[in-house]
Amino acid sequence: MQYGTASSTDFARKLGAIVEDNIIRVNEQMETNVEGLYACGDCTGGLLQISKAVYEGAKAGISARKVFKKLRIKTINLNKI
């Protein structure tokens, strides 16, 4: 996991994600062009608002969980902690 505008775009670029004008390109599920790499918040452009980042983070988390479930990758049930 990486956070912060500058370092997250540098990190994403090093992993092969498409970054244009310092913005990580994502689809509606917050997926980048790199399988298993998601981005959300300020680094994806648009409004620089906390509420947008939280919403996109939730979308990315839900999308990732669906992929993990399909691939049978074990996730942690936070309700049992």
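Colleague: Which are the buried residues of helix 2?

Modeller: In helix 2, the buried residues are Lys52, Glu56, Ala60, Ser63 and Ala64. Buried means under 20% relative accessible area, exposed means over 50%, and partly exposed lies in between, using a 1.4 Å probe and protein chains only. Helices are DSSP runs of H or I with at least four residues, strands are runs of E with at least two, and both are numbered from the N terminus.

Colleague: What makes those buried residues line one face of helix 2?

Modeller: Looking down the axis of helix 2, its buried residues fall within an arc of 100 degrees, so they line one face. The arc is taken from the directions that run from the helix axis to the C-beta atoms. An α-helix has 3.6 residues a turn, so residues three or four places apart point the same way. On the face of helix 2 turned away from the buried side are exposed residues, including Ile50, Tyr55 and Lys69.

Modeller: Please keep in mind that this is a predicted model, where local features need pLDDT of at least 70 and side-chain atom pairs count only at pLDDT 80 or more, while totals for chains, interfaces and linings use all residues. Residues are numbered from 1 along each chain as its sequence is written, and side-chain values use heavy atoms, leaving out hydrogens and water.

Colleague: How do you know that the span of helix 2 agrees with its 21 residues?

Modeller: The expected span is 1.5 Å times one less than the number of residues. For helix 2 (residues 50-70) that should be 30 Å, and its end C-alpha atoms are 30 Å apart, so the two agree.

Colleague: Why is Thr9 called buried?

Modeller: Thr9, in helix 1 (residues 5-14), has a relative accessible area of 0%, so it is buried. Leaving aside residues up to four places away in sequence, Thr9 touches Val19, Asn22, Ile24 and Cys43; contact means heavy atoms within 4.5 Å.

Colleague: Are Cys40 and Cys43 buried or partly exposed?

Modeller: Cys43 has 7% relative accessibility, so it counts as buried. Cys40 has 30%, so it counts as partly exposed.
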